[in-house]
Amino acid sequence: TALHGTMAQYVIDRIAIDLKREMTAIMKQKLKVECSNTCGNFTLKYVACRDCHGSYQSCTMGIDCGVKDLTVGENEELLISCFEPWHLITTNFKDYIFYKAPLGTRNIWYFEKFAETQESSLEFLRITKEHQKTYRCIVMGDHGLPIADTMYDVHVGPPVTVPTEVPVTHPHLVHEEGLIPTIARPTRPAGLLALNLGSILALVICGIAIIALGSVLCYSLFHLQKKKADSNKTEEMLALSTNSYSLFHLQKKKADSNKTEEMLAL
């Protein structure tokens, strides 16, 4: 048992010595942080494990970020952005400076400064031919020197039109800049229009025929009812005349009978 305890302690001591040797070698190595930029010069801060203190590393790729071509239609919007992801982690950023010059200019002495801001982009709401220029964006460091430089050749093309139906202008709708165009309603084919007119004409003729037939039926019914009423009236008059004659004849006969009886009595 004592032998086993001695062997276990020996193994633990050897492991501790090897681990200490490896950790010492790691601590002596210089930590290298991978730079994420393809252009521009910036300083990155990181925390080293060996002493838990902040350290700095320079990522130097050159300030020239090249020239980018931008093409936009007239009256459209234009966004010039010189933002790069590494702008968020650099410790020496100050601001953005924008310049402009005639299209194709490369000599930095011909550029005119027109904006200095903390924003990484500029937006033009309505582009005209006057905006066709070369723009330059410089990212300034806190030491007063540029850390990135990008140029943008902006080409302004004709207005982008969306195919639509043929517009129709109405002279009575007048605006300050001229007539207000409105989109014409879809036109029907000539055959379809003729078919619709024929259907309407047939419906009109059918309507007139129905009205005429109804009028004839109403007149015939009225004439039949009137004739029947006249016939009933005639029959009533004949019956009344017959009854009156019978009553008169009966009364006369009774009067003659009474007169005869009176004569016989005398």
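This tour moves through the structure from the whole chain to its disulfides, its nonpolar cores and a surface patch.

The model is a predicted one, in which local features need pLDDT of at least 70 and side-chain atom pairs count only at pLDDT 80 or more, while totals for chains, interfaces and linings use all residues. Residues are numbered from 1 along each chain as its sequence is written, and side-chain values use heavy atoms, with hydrogens and water left out.

Followed along the sequence, the pattern is α-β-β-β-β-β-β-β-β-β-β-β-α.

Next, select the cysteines, among which the structure holds 3 disulfides, a disulfide being a pair of cysteine sulfur atoms within 2.5 Å. Cys35, in the loop between H1 and E1, is joined to Cys59, which lies in strand E2 (residues 54–60), 24 residues apart from Cys35. Cys35 is partly exposed at 23% relative accessible area, whereas Cys59 is buried at 1%; here buried means under 20% relative accessible area, exposed over 50%, and partly exposed in between (1.4 Å probe, protein chains only). The torsion about their S-S bond is about -80°, so this disulfide is left-handed.

Move on to Cys39 and Cys65, whose disulfide has an S to S distance of 2.1 Å and, with 100° about the S-S bond, is right-handed. The remaining stop among the cysteines is the pair Cys82 and Cys137, with sulfur atoms 2.0 Å apart, which links the loop between E4 and E5 to strand E8 across 55 residues.

Now select Ile80, Phe98, Phe124 and Val154, which touch the most other members of the largest nonpolar core, a group of 22 residues. Such a core is a set of buried Ala, Val, Leu, Ile, Met, Phe, Trp, Tyr and Cys residues joined through side-chain atoms within 4.5 Å. Strand E9 (146–157) is one of the strands that supply at least two residues of this core, and E9 gives the most, with 5 residues. Apart from this core lies another, of 7 residues, including Phe111 and Met140.

Finish at helix H1 (residues 2–28), where Tyr10 is found and is exposed, with a relative accessible area of 52%. Together with Val11 and Ile15, Tyr10 makes a nonpolar surface patch of about 320 Å².

Conventions: Patch = residues over 30% accessible without salt bridge, like charges linked within 9 Å, V, L, I, M, F, W, Y side chains within 5 Å. Areas by Shrake-Rupley, 256 points an atom, 1.4 Å probe, with all protein chains shown as cover. Salt bridge = Lys/Arg side-chain N within 4 Å of Asp/Glu carboxyl O. Helix = DSSP H or I, 4+ residues; strand = E, 2+ residues; numbered from the N terminus.
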